Amino acid sequence: MEHETKQNPVSEIAFDLGTVNSIVAGGGNILVDKPSWLGIEMGSKPPKICCKWDKAMNMKGRSIPSIEIIQPMKNDSMLYNSVELLVMELALEAQKKCIISAETKIGIGIPLDFTYGDRLVFREAFKNLGYNDVYLIPSVFAVAIARGLNVNNVRGKMIIDIGGEKTQIAVICMGGLVSSKSIPIGGETLTAAIQEGLRINHDIKVSDYTAEEIKRISGTALSDMKNPQAEHIVFGPNTGTDEQIQATLSPNEIAEWLNEPLTKIENALSNVLERVPPELFNDFSVDGIYLSGGGSMLYGLAERLSRKTKIKVKLVDNNYSVAQGVEMALKNIQENQFIIKL
């Protein structure tokens, strides 16, 4: 939900540019929360946006040839200066609720595997829009800060952030990364696993949207939850004949389909834990591990990871953690050594 704000100047603006959703925070408020989808009119120079947000997302798979529907933050969508277009549209939405001046500090949450090439793309996008005071902040630090954790003291903290395309795992201490790993497994991977399971086991084709709904309503990370999810009836065309058919899916069956990508997350988590000094391990074995991101909302996932690590995994039930943490970090740039000037 977007919160109402007055038309006042803000000192800091934070962007969380996600593959699925993008968030903008400023003045202690959430200014924008939109799906990260744009519709581009093919052949237009400069590129022309003909639809965006929910409308563009709902046109995926239905658009006419003259319109291309893209997710600008996907690795294969760096077309038409799409990142710049996304930032521009988000800034326009934010400016309906606040004033972004030349003195406003701009912060962007970035993944652990952020590359030099990504940095050049971001610098070009933000500079072209007139933003000069721009900073990059690793999203795992932002999540910790939003949770109220002191990332600059000697006590170790562990963050697992599962986004649309990747999972990031990090142990933080004294403003630095002690052990970390990023793998290309995220919420969209789980959605694709459900589509594949339906195709192989029930001969049914479903859209990304339908598979996402199945995951949200009946998906589970464990087959032995005390309060299991409900069964799900799905309709779709037969993969061979295109005849409309239906299937009833149990949570246990969906859990089997999701087991492979979830096991990869568990293995990455074990890899990070193996490289943590005992003193820091003891810190978060007492304090717990923090689990965040849209992909973390899969039912039973926190419980599954707790069983794997024998450490309490706490779900950060807040889609705005990265944006809020980035904004908070900008208030102490000198103190936070992990902040990178763009």
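Across which strands does α4 lie, and at what angle does α4 run to β8? In this predicted model, local features need pLDDT of at least 70 and side-chain atom pairs count only at pLDDT 80 or more, whereas totals for chains, interfaces and linings use all residues. Residues are numbered from 1 along each chain as its sequence is written, and side-chain values use heavy atoms, with hydrogens and water left out.

Helix α4 lies across β7 (105-110) and β8, running at about 80 degrees to β8. Helices (H or I, at least four residues) and strands (E, at least two) are DSSP runs, numbered from the N terminus; axes are lines fitted to C-alpha atoms, for helices over the stretch in contact, and angles run from 0 to 180 degrees between N-to-C directions. Contact denotes heavy atoms within 4.5 Å.

Strands β7 and β8 belong to an open, mixed sheet of 6 strands in the order β3-β2-β1-β7-β8-β16. Its edge strands are β3 (29-35) and β16 (340-341), each pairing on one side only; pairing requires at least two DSSP bridges between two strands. Strand β8 (residues 134-138) pairs with β16 in the antiparallel sense over 2 bridges, and Y135 has K341 of β16 as its bridge partner.

The axes of α4 (residues 139-146) and α10 (residues 321-330) come within 7 Å and cross at roughly 85 degrees. The two helices are therefore roughly perpendicular, a class that spans 65 to 115 degrees. Residues of α4, including A142 and V143, meet residues of α10, V322 and M328 among them.

Conventions. Parallel < 35°, antiparallel > 145°, perpendicular 65-115°, else oblique.
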